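Please walk me through this protein structure in plain terms.

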Amino acid sequence: MDDIKIISLDAKADYKRVADLMHRASDYVAMETGKAHNPGFVHSALTDAPPHCGPDDIFLRGLERADGTLAGFAGSIRHYPKQGHWYMGLLILDPDARGDGLGRQTAQHVIDEARADNAPCIRIAVLDVNKDARAFWDKMGFEHERTVKADPKGDGHKRHILKLELTT
Ligand SMILES: CC(C)(COP(=O)(O)OP(=O)(O)OC[C@H]1O[C@@H](n2cnc3c(N)ncnc32)[C@H](O)[C@@H]1OP(=O)(O)O)[C@@H](O)C(=O)NCCC(=O)NCCS
């Protein structure tokens, strides 16, 4: 982590850097979308938010290496699913950067941001097939809130909504 900084990203200006990261982390992109190379997934990760969320409610964070490449990305929104609540839409690391505490540090950074914003809780959705990530979120203290059935018209994934209370 010494040579990696957590920075704010801009959806337009940093698109190429995020796309490059997603290319390296294509194992996850393929798991979620069925396609290893998926520009639509990159675009969604940078911009997807419900209509009631303004630009100030989207928080894009990157793990920047000294050479300017990204070792990871965390995208979150505020006021979803309820006013004031935070939702981390995606946390993804370069495979080379996994398993060394960086995921924990990045998730904790976002959790601290949500707490500083007086959010009562933060949620994530984990794919049922993504057992490794489920173990990670369990370690981070998130608890199962509900399960969303696979939508045959959607991407076909069952998802678990996990929640971390921030008021205690
Ligand atoms: C999930 C991800 C962000 C975790 O980041 P990471 O840097 O690999 O995880 P860390 O090294 O910070 O691990 C944090 C803790 O979780 C535990 N953990 C991580 N992966 C685990 C696994 N597969 N099984 C059991 N425990 C695991 C670690 O042992 C560690 O525990 P500790 O702090 O008590 O020692 C990262 O692996 C990743 O980008 N995966 C691909 C994308 C993805 O699945 N994103 C999540 C979408 S919901």
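Why does Ala 30 count as partly exposed? The model is a predicted one, and the answer comes from counting neighbours in it. Ala 30 has 14 C-beta neighbours inside 10 Å. A residue is called buried at 20 or more and exposed at 12 or fewer, with partly exposed in between, so Ala 30 counts as partly exposed. This residue sits in helix α2, which covers residues 26-33. Once neighbours within four places in sequence are set aside, Ala 30 is in contact with Lys 35 and Ala 36. Ser 76 lies 46 residues from Ala 30 along the chain, and the C-alpha atoms of the two are separated by 21 Å.

Next comes the sheet. Seven strands form an open sheet with mixed pairing, in the order β1-β2-β3-β4-β5-β7-β6. Its edge strands are β1 (5-8) and β6 (143-148), each of which pairs on one side only. From one strand to the next, the twist averages 25 degrees. In a regular strand, side chains alternate between the two faces of the sheet.

Strand β1 pairs with β2 (residues 58-64) in the antiparallel sense, over four bridges. Within this pair, Lys 5 stands opposite Glu 64 of β2. Further along the order, β4 and β5 run parallel and are joined by three bridges. Here Tyr 87 stands opposite Arg 123 in β5. Strand β5 is also joined to β7 (residues 159-165), this time by seven bridges and in antiparallel fashion. Ile 122 stands opposite Leu 164 in β7.

Val 148 has Arg 159 in β7 as its bridge partner. How many of the six residues of β6 are buried? The number is zero, so β6 lies largely in the open.

Together, β4, α4 and β5 make a right-handed β-α-β unit. Helix α5 lies across β5 and β7, and runs at about 160 degrees to β5.

The ligand brings several of these elements together. It is surrounded by 19 residues, of which Arg 98, Gly 103, Arg 104, Asp 132 and Ala 135 are the closest. At least two residues of this shell come from each of β4 (86-93), α4 (102-116), β5 (121-127) and α5 (131-139). Which element supplies the largest share of the shell? That element is α5, with five residues. By type, the shell holds ten nonpolar, four polar and five charged residues.

Arg 98, one of the closest residues to the ligand, lies in the loop between β4 and α4. With 16 other C-beta atoms within 10 Å, it falls between the two limits and is therefore partly exposed. Not counting residues up to four places away in sequence, Arg 98 touches Leu 93 and Gly 103. Gly 72 is 26 residues from Arg 98 in sequence, yet their C-alpha atoms are 9.3 Å apart in space.

Some details of the backbone remain. Most residues other than glycine have a negative phi, and most peptide bonds are trans. The loop between β3 (70-78) and β4 holds Pro 81, and the peptide bond from Tyr 80 to Pro 81 is cis, with omega near 0 degrees. His 79 is found in the loop between β3 and β4 as well. Although His 79 is not a glycine, its phi is positive, at about 75 degrees. His 79 counts as partly exposed because it has 17 C-beta neighbours inside 10 Å.

Asn 118 is another residue other than glycine with a positive phi, in this case near 65 degrees. Its place is the loop between α4 and β5. Is Asn 118 buried or exposed? Asn 118 has 9 C-beta neighbours inside 10 Å, so it counts as exposed.

Conventions
Residues are numbered from 1 along each chain as its sequence is written. This is a predicted model: local features need pLDDT of at least 70, side-chain atom pairs count only at pLDDT 80 or more; totals for chains, interfaces and linings use all residues. A residue is near a molecule or strand if its C-beta atom, placed from the backbone, lies within 6 Å of it. Ala, Val, Leu, Ile, Met, Phe, Trp, Tyr, Cys and Pro count as nonpolar, Asp, Glu, Lys and Arg as charged, and the others, Gly among them, as polar. Two residues are in contact if their C-beta atoms, placed from the backbone, lie within 7 Å. Two strands pair if DSSP finds at least two bridges between them. A crossover is right-handed if, with the strands pointing away from the viewer, the path from the first strand over the helix to the second runs clockwise. Axes are lines fitted to C-alpha atoms, for helices over the stretch in contact, and angles run from 0 to 180 degrees between N-to-C directions.
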